Amino acid sequence: MCLFLYDDDPDPDEQDPAGLLHVPVHRVATGFVLRTFRTPLGERTAVAFTDRDLLARTLGTGQPSIKLAESALRSLASPLGISRLVLDPVLSAPAVTAEPVPADTTVATL
């Protein structure tokens, strides 16, 4: 790792504008509502994707979305107490299956 910064090195705190983002939403009777998520530690977060294909691979092809600028997404999330924005997340949970648990299986509770 280099200990010296040069004039052409980007500042890690400066982020390039992402352009229009694909933001997951829920359909409701009056339109759309922002879909929120939680980080592994339980913090509420807004999520956006730079590409519709990334959104479909992560949340499924049926997930509705709208295009918003980052500033518009932050403005929607702010009144909900959400300040974190996760861009292009990858879900880490395994897919849910509809396989029933056999009746003779014992489930231990802690």
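1. Arg 74 comes out partly exposed, at a relative accessible area of 35% (buried is under 20%, exposed over 50%, partly exposed in between, using a 1.4 Å probe and protein chains only). Glu 70 falls in that partly exposed class too, with 23% relative accessibility. Arg 74 and Glu 70 form a salt bridge, and their closest N and O atoms are 2.9 Å apart (the term means a side-chain nitrogen of Lys or Arg within 4 Å of a carboxyl oxygen of Asp or Glu). Both residues sit in helix α2, four residues apart, or about one turn of the helix. An α-helix has 3.6 residues a turn, so residues three or four places apart point the same way.

2. A word on what you're looking at: this is a predicted model, where local features need pLDDT of at least 70 and side-chain atom pairs count only at pLDDT 80 or more, while totals for chains, interfaces and linings use all residues. Numbering starts from 1 along each chain as its sequence is written, and side-chain values use heavy atoms, with hydrogens and water left out.

3. How many salt bridges does a search of the whole structure find? It finds two. Helices (H or I, at least four residues) and strands (E, at least two) are DSSP runs, numbered from the N terminus. Arg 84 is partly exposed at 39% relative accessibility, and Glu 43 is partly exposed at 34%.

4. On to the strands, which pair if DSSP finds at least two bridges between them. β1 (residues 20-28) runs antiparallel to β5 (residues 65-69), with five bridges joining them; Leu 20 has Ala 69 as its bridge partner in β5. β1 is also joined to β2 (residues 31-34), again antiparallel, by four bridges, and here Arg 27 partners Phe 32. β1 and β2 make a hairpin with two residues between them.

5. Last, helix α1 (residues 52-59): its buried residues are Leu 55, Ala 56, Thr 58 and Leu 59. Their cover includes β1, β3 and β5 (contact means heavy atoms within 4.5 Å). After α1 comes Gly 60, with a positive phi near 100°.
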